[in-house]
Amino acid sequence: MKLGATLGKWLDMPVGATRWTWRKFWADTSLAYLFLLPSLAVIGLFSLYPVVQAFLLSLTDYHALRRAGEFIGLANYREIMQDPMFWKGVKNTAIYVIGTVPVTVILALGVAILLNQAIRFRAAYRLAYFVPYVTTAVAVSMVWAWIYHEQWGLLNYALGWFDWLGFKPQQWLLDPKWTMFTIIVIAIWKGLGYTVVIFLAGLQTMDRELMNAARVDGANERQVFWKITWPLLSPTTFFITITAVINAFKVFTELFVMYGRRPGPLREGMTIVFYIYEKAWDDRLMGYASAAAYILFFMVLAVTIFQFWYARRRVHYD
Amino acid sequence: MQQSSVASSPWRKRFKLAGTHIVLLVGAVVMFLPFFWMVATSLKTYQETLAFPPKWIPSVPQWRNYVEAVKTQEHFVRYFYNSFFVTIATMVTEVIMTIFASYAFARIKFLGRGLLFALFLSTMMIPGEVLLVPNFITIVRLHWYNTYWALIIPFTVSVFAVFLLRQHFLQIPFELQEAAYLDGAGHTRFLFQVMIPLSRPPIATIALLKFISSWNAFLWPLLVTDSAKLRTVPIGLMSLMQDEGLKYHYWMAAATMALVPVLVVFLAAQKQFLESVAKSGLKG
């Protein structure tokens, strides 16, 4: 009986219902499933089934041309762990995450605080910062490739003005030491406005009275920020950091476009997703690539869990 | 709005305000510069693109670069047609499916509702990259490789969109539904005559989000098509760059054309778009 009640609750069954409500409940249930059928089919086929399928594939040597694979246990995982190219991908992905997320968060917070005042052209500024976010990655990567051009690029020209500070023109796209830098800059440029808008929304929900009261009590602006704004903003900062880190793990398109389908000059800009792409679509080792994808999945999961753990005392939900 | 307890002189205030505007303006210029440079280059002659120091404004705008850019690629017009077709088909299908799914989750009490919704939300945790290989195999097995189906169907459900619209449906008073029910209107009629007319803004937002993500999609369309007849604008752009020689004036013209639809749609509805982004952050 207890089990029945629990099960009923879990399945959203009506409690103490009459025969009439039961009849309506079953009629509603069939209608609801009719409404949900198309969405369920797509989600099932392209989101749920492939999660299982990817794991099963990762235990085989599935090859795209043979369209078949034998069960080989964890051999793919073992081999990936021993591939220096994979570790280069991990290292570069880590550099990318660390290079983009903190800078974006700090710059965006600064801009959001400036915009959170009654100033003119507020909406125009917000729009200007946001536009890069909606643009096509391929198109803007082409534009940036042109800006980075070693001979006629805008960046090297601009560096010429600061010659006296010791800045020299660089081979941005040809020298492997700049590869991650070039795509980090694009990522910050493209993602800044999105982060600004979310921070701004967070700032606007805050109670201004609290800050004004502190100011009346003699707190200076720095104290107001660190003692009130920053702690109150922590759920927003946390949300932004979590999603930004997850997104940064997926770095691929800008690299692929700017470096002509290669992972940077001399393959020095390898990232995890690029590694998966090459294994699956150049080498056609789809079982192997699935194993690499699962490793990516677990890395993202581990980093996310770590962030939740780290944040447990530092994020304040009133 | 910003007031300091210590009475600061009006001069100091003005100074601070000017500083704020200067910082924001410099930032905005940096954000805007790549677009300016793209359009400026697209209107230059070949010689002007190689000028050093660079020319900011071309002396005579070369509008025919745009014609040439279209001509350099045999299928350029086709790419645009494909992108528009795929984007609009995905958007319309998604909106219809989202309306029905959100209504079921928000307004119908049915067997397994909570569990099913949790299952929906759980898919948001999966990085899309994990799904690439098995989904590619599924597409090949369905004989959808090199078809519009492969470009459209996998993107017709967005869990975030279902979440957004369900949230809105929940806010519409339940009394309305009871009144309609007593008048003999069932769920379907109530959905079409009351819910949808009351939900135009969130539906528009969902459509807009899908338009932008669909137009910009790159990796998946690259993987599931290899015929020029089916390729979309981003992939066409990419292959443009592999041509011999430096043709940045043509490439920038092509990039500008690729960005125009998405920018027009975004600017037309930017207010709603920014609101939905702001909302997504407050959930956190």
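At what angle do helix α8 and helix α10 of chain A pack, and how far apart are their axes? In this predicted model, helix α8 (residues 179–204) and helix α10 (residues 221–248) of chain A pack at an angle of about 160°, and their axes lie 9 Å apart. Two packed helices are described by the angle between their axes and the distance between the axes.

**Helices α8 and α10 of chain A**

- Because angles over 145 degrees count as roughly antiparallel, α8(A) and α10(A) are roughly antiparallel to each other.
- The crossing in which α8(A) passes α10(A) is right-handed.
- On the side of α8(A), the contact is made by Thr195(A), Ile198(A), Phe199(A), Gly202(A) and Leu203(A), while α10(A) contributes Leu233(A), Thr236(A) and Ile240(A).
- Sorted by class, this contact of α8(A) with α10(A) has 5 nonpolar and 3 polar residues, with no charged residues.

**Helix α2 of chain A and helix α4 of chain B**

- The crossing in which α2(A) passes α4(B) is left-handed.
- From α2(A), the contact involves Ala32(A), Phe35(A), Leu36(A), Pro38(A) and Ser39(A), and from α4(B) it involves Met97(B), Phe100(B), Ala101(B), Tyr103(B) and Ala104(B).
- The residues of this contact of α2(A) with α4(B) divide into 9 nonpolar and 1 polar, and no charged residue takes part.

How values were computed:
Residues are numbered from 1 along each chain as its sequence is written. Chains are lettered from A and ligands numbered from 1 in the order in which they are written. This is a predicted model: local features need pLDDT of at least 70, side-chain atom pairs count only at pLDDT 80 or more; totals for chains, interfaces and linings use all residues. Axes are lines fitted to C-alpha atoms, for helices over the stretch in contact, and angles run from 0 to 180 degrees between N-to-C directions. Helices (H or I, at least four residues) and strands (E, at least two) are DSSP runs, numbered from the N terminus. Angles under 35 degrees count as roughly parallel, over 145 as roughly antiparallel, 65 to 115 as roughly perpendicular and the rest as oblique. A crossing is left-handed if the near helix is turned anticlockwise from the far one by less than a right angle, and right-handed if clockwise. Two residues are in contact if their C-beta atoms, placed from the backbone, lie within 7 Å. Ala, Val, Leu, Ile, Met, Phe, Trp, Tyr, Cys and Pro count as nonpolar, Asp, Glu, Lys and Arg as charged, and the others, Gly among them, as polar.
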